[in-house]
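Trainee: I have a model open and would like to go through it with you. Could we start with the strand pairing and then move on to other topics?

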Amino acid sequence: MSDSNWDVVVIGAGPAGATAAALLAEKGRKVLVLEKEKFPRYHVGESMMPYCWFTLDRLGIVDKMDQIGFQQKHSVQFVSRDGQVSKPFYFFEHDERASAVTWQVERMEFDQMIVDRAVELGAEVQDEQKVTQLIKDDAGAVIGVSVENSAGEKRDVFAKIVIDGSGRDAVVASKEKWRNRDPALNKIAIWTYYDGAMRDPGLDAGSTTVAYIPGKGWFWYIPMRNNRVSVGLVADRDYLYRDSRDPGEIFEREILENAWIKEHLEPGKQVGQYWVTGEYSYRANYCAGDGVVLVGDAFAFLDPVFSSGVFLALKSGELAADAIEMALEKGDASAAQFEHYGKDVCLAIERMRKIVYAFYHPEFNFGKLVKKHPHLRPILTDLLIGDVFVDKFEELFAAVREICDLPTELDYGFRVADLEATAGG
Ligand SMILES: Cc1cc2nc3c(=O)[nH]c(=O)nc-3n(C[C@H](O)[C@H](O)[C@H](O)COP(=O)(O)OP(=O)(O)OC[C@H]3O[C@@H](n4cnc5c(N)ncnc54)[C@H](O)[C@@H]3O)c2cc1C
């Protein structure tokens, strides 16, 4: 294949990019995925939402999830500021379909599995290929990308449409200066792994626990297979770095702030390094421009407290693939083709964003909400499982507003851009 003959070039082989690549290759499109890392590569983001099931099913890889043996996840539970452990939100109590069971995944294997599927369906995936520039025509439409491989060799690749699935590197949003940060959701995450830490019995063995550090932030506790647990701490920078910059010291200090986490980690042994990342939530001004579409974290990143990232990556990859297929059929890759795509993804993100804001509000807790409005528990569960592309949450959000303010919806992200004809972006 010459480098001027692709229907679609995808930047990044994460879940968003690889899903879009797989579904477009399945339609017979000539798809090239360019990934800067050597694959498979480590990635954080291990806890999935039940509604991931539908995209995985469309990709034809649900059975593979259990064959690989990823830890099954049946519920999520919350440890409140005063140490009370909520009744788990069991997904099957709400929806008995196969999608009620989800997974905790090692991303190295999960992401590789989607890439393998994309290749099986006909996409070409090249790793250690970093996209360095967008190539535009005289009118400003994106017509390709410049790439540099690990040996420093450069080349240009041309396609009818470029998909940006570059994750939090957000190649297009960075180059075009489209990234808008959400000032209220600016946290730091520190995480590591434990072997042999405590698991709750039976069905709860694979449950995600979100445990508040009173007034400050929260821990995630994600039991994975092979007796390993992913444990992370998310809080404000000033709080975390108040007396040390050492992630291990900070982590050990904070474990003492949460009795549930302390008890569960006690029998375990910490393994490997401590990882640290800034966790600013953001959204791009635009979901697309002429010849280019943004998916997954390259479009928007939302605080990971409800494990929505992989779900939104898979779903946006799927929706973008459908919109791109229609655009290619029409022979029109202009930005206007992608407005519906952007609107759908933004609406879903806004629903998740509201409950994320509520989570951080000192007056809010799920127990309080459900006690006052027991009939809203199913709709709250809908939100927590990822059934967020349907408009049914107004009563829930009205009830949440009785406890705390909710953010107004952002007025960007769903529109498409007029790209400037600055070659190289
Ligand atoms: C601390 C933390 C905890 C999280 N926990 C969870 C969780 O429990 N559950 C959950 O669902 N989500 C979680 N997330 C979010 C989740 O990790 C992301 O939403 C998800 O990985 C997004 O997938 P993606 O395909 O958009 O991007 P990615 O998975 O990041 O993939 C992007 C790919 O693009 C490649 N790339 C980047 N730049 C270039 C370039 N210039 N050229 C070529 N390739 C490039 C990268 O190497 C990468 O492989 C968490 C995030 C953070 C920060």
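Trainee: How many bridges pair β17 with β20, and in which sense?
Mentor: Strand β17 (residues 282-284) and β20 are joined by two bridges in the antiparallel sense. Helices (H or I, at least four residues) and strands (E, at least two) are DSSP runs, numbered from the N terminus. Two strands pair if DSSP finds at least two bridges between them. Please note that this is a predicted model: local features need pLDDT of at least 70, side-chain atom pairs count only at pLDDT 80 or more, and totals for chains, interfaces and linings use all residues. Residues are numbered from 1 along each chain as its sequence is written.

Trainee: Which residue in β20 is the bridge partner of R283?
Mentor: The partner of R283 is A300.

Trainee: What is the strand order of that open sheet?
Mentor: The order is β11-β17-β20, with antiparallel pairing. The edge strands, each pairing on one side only, are β11 (179-181) and β20 (300-301).

Trainee: Moving on, how many bridges join β8 to β9?
Mentor: Seven bridges join β8 (residues 129-136) to β9 (residues 142-149), and the two strands run antiparallel. Within that pairing, I135 has G144 of β9 as its bridge partner. Five residues lie between the strands of this hairpin, and G140 takes a positive phi near 100°.

Trainee: And what about β9 and β10, how many bridges there?
Mentor: β9 and β10 (residues 154-164) run antiparallel and are joined by five bridges. The bridge partner of E148 in β10 is K154. This hairpin has four residues between its strands, and G152 in the turn has a positive phi of about 85°.

Trainee: Which residues touch the most other members of the largest nonpolar core?
Mentor: They are A21, V33 and C287, in a core of 131 residues. A nonpolar core is a set of buried Ala, Val, Leu, Ile, Met, Phe, Trp, Tyr and Cys residues joined through C-beta atoms within 7 Å. Helix α10 (residues 309-330) gives the largest share, eleven residues.

Trainee: Why is the core said to lie between the domains?
Mentor: Domain 1 and domain 2 both give residues to this core, so the core lies between them.

Trainee: What does V33 touch?
Mentor: Leaving aside neighbours within four places in sequence, V33 is in contact with V10, A13, G17, A18, A21, A118, A123 and V125.

Trainee: Now A333: buried or exposed?
Mentor: A333 counts as buried because 24 C-beta neighbours lie inside 10 Å. A residue is buried if 20 or more other C-beta atoms lie within 10 Å of its own, exposed if 12 or fewer, and partly exposed in between, with C-beta atoms placed from the backbone. A333 lies in the loop between α10 and α11 (339-360).

Trainee: And why is V101 classed as partly exposed?
Mentor: V101 is partly exposed because it has 18 C-beta neighbours inside 10 Å. V101 lies in the loop between α4 (91-94) and β6 (102-104), and touches Q72 and H74, not counting residues up to four places away in sequence.

Note on methods: Two residues are in contact if their C-beta atoms, placed from the backbone, lie within 7 Å. Domain bounds come from an automatic or database domain assignment.
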